[in-house]
Amino acid sequence: MQIAVPKEIKNHEYRVSLTPTGARELVSHGHVVTLQAGAGEGAGFADATFEAAGARLETDVARLWDDAELILKVKEPQAEEVARLNAGQTLFTYLHLAAEESLTRALMESGATCIAYETVTDRQGGLPLLAPMSTVAGRMAIQAGAHSLEKAQGGSGVLLPGVPGVAPARVAVIGGGVVGENAARMALGLGAEVRVLDTSIPRLETLDDRYQGRMKTVFSTADAIDEAVRECDLIVGAVLIPGAAAPKLITREMLAEMKPGSVLVDVAIDQGGCFETSRATTHTDPSYIVDGIVHYCVANMPGAVARTSTQALTNATLPFVIALADKGWQQALADDTHFAAGLNVHAGQVTYQAVAEAFGLEYVAPDKLLD
Ligand SMILES: NC(=O)C1=CN([C@@H]2O[C@H](COP(=O)(O)OP(=O)(O)OC[C@H]3O[C@@H](n4cnc5c(N)ncnc54)[C@H](O)[C@@H]3O)[C@@H](O)[C@H]2O)C=CC1
Ligand SMILES: CC(=O)C(=O)O
Ligand SMILES: [Mg+2]
């Protein structure tokens, strides 16, 4: 199969969708891997390393897209990328469509088959292609939050661990999944006082057991969120209802209850964000202030640590990419219902229920296309 690896064009996105190690595996399966020249540089992978792995280099972007049967990307396609996509091609990348009606409609119009990393599932009920980047983003959320608390960023001037004789900061993490656990773990490591809110009791049990009570576990209710808003210096938004737009858990009105200069880090921004006042930002200008509260809402946080993220992403995606390339999308998805959960759009139809519901579009179940 002809596989294309374009250079990412989203603001400060330095990841690439395949490492040279991944390219070597695909080439050994008899596939042709074509990399846009320079696509790996941001992640520290020179063109020559890809060539040594058996990949071809292409400088003509139009030709790269035109010749491809399978296009591997990291971030959702930007407008100029959607325009290059054609019927019959398969796109495998993060899509986050429930937060993006215009992208959903544009992908439908392209006629292509679009498989989202973030909705592929596993037998344990997890999201194996979201998890590696959630791990990265969760860990970064506390770095970003600590920085945002500094006065120069508009923050309250609180140091997360405090110092002897001065209390540490209070951190609340709403959503105790992969992002949430990693954020809470980093905050604990820095000496903050940490609570995690989740609606899943089994998840809170796991965290309580794993961290032996060192982080407070809280059942997520409106009361518990009100309390966190009043008490905490830093709140990380890390909720997810797979494939759906994030619920708005902190309203603009509630910001008045927060201490001035407190910080909201909305990691769930790629699914629309879980705070009413969140809007997606970029690494160029990552935070802004509403009613005295600093908001950090970067939708591609892992792009800033592209080396680590690229390796972690390829480790997770490679078995799925090999299945797509070896068998074609229809057979690969028919053989694995968890992989089939990744299909979001095919030939003009929406094949992911939460996305169809978000925009009042007709839903076509993937299994109807796979018989
Ligand atoms: N901004 C960025 O760069 C990145 C964003 N993300 C996003 O972070 C979000 C979280 O991802 P994961 O941790 O992997 O998901 P996950 O599925 O592992 O965890 C989500 C958790 O939220 C909980 N939850 C749902 N509704 C809740 C509520 N009302 N209150 C409290 N908890 C609630 C669930 O029970 C679950 O434990 C996703 O939107 C994901 O796309 C992930 C990676 C990078
Ligand atoms: C998950 C996601 O949106 C990212 O890694 O950028
Ligand atoms: Mg086209």
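pLDDT is the predictor's confidence in each residue, from 0 to 100. This is a predicted model, in which local features need pLDDT of at least 70 and side-chain atom pairs count only at pLDDT 80 or more, while totals for chains, interfaces and linings use all residues. Residues are numbered from 1 along each chain as its sequence is written, and chains are lettered from A and ligands numbered from 1 in the order in which they are written.

**Figure 1. Confidence of the model.** The protein chain has a mean pLDDT of 97, and 100% of its residues reach 70 or more. For the complex, the predictor gives an ipTM of 0.98 and a pTM of 0.96.

**Figure 2. The shell around ligand 1.** Ligand 1 is surrounded by 36 residues, where a residue counts as near a molecule or strand if its C-beta atom, placed from the backbone, lies within 6 Å of it. The closest are Ser134, Gly175, Gly177, Ser220 and Met301. Two or more residues each come from helix H6 (131-148), helix H7 (178-189) and strand S8 (193-198); helices (H or I, at least four residues) and strands (E, at least two) are DSSP runs, numbered from the N terminus. H6 gives the most, with 4 residues. By class, the shell holds 22 nonpolar, 10 polar and 4 charged residues. Ala, Val, Leu, Ile, Met, Phe, Trp, Tyr, Cys and Pro count as nonpolar, Asp, Glu, Lys and Arg as charged, and the others, Gly among them, as polar.

**Figure 3. The shell around ligand 2.** Lys75, Tyr94, Glu118, Leu130, Met133, Asp270, Asn300 and Pro302 surround ligand 2. Of these residues, 4 are nonpolar, 1 is polar and 3 are charged.

**Figure 4. Helix H6 against helix H11.** The axes of H6 and H11 come within 8 Å and cross at roughly 155°. Axes are lines fitted to C-alpha atoms, for helices over the stretch in contact, and angles run from 0 to 180 degrees between N-to-C directions. H6 and H11 are therefore roughly antiparallel to each other (under 35 degrees counts as roughly parallel, over 145 as roughly antiparallel, 65 to 115 as roughly perpendicular and the rest as oblique). Pro132, Met133 and Val136 of H6 meet Thr308, Ser309, Ala312, Leu313, Asn315 and Ala316 of H11; two residues are in contact if their C-beta atoms, placed from the backbone, lie within 7 Å. The contact has 6 nonpolar, 3 polar and no charged residues.

**Figure 5. Helix H1 against helix H11.** H1 (residues 20-28) and H11 (residues 306-327) pack at about 20°, with their axes 10 Å apart, and are therefore roughly parallel to each other. Thr21, Gly22, Glu25 and Leu26 in H1 meet Thr314, Leu318, Val321, Ile322 and Ala325 in H11.
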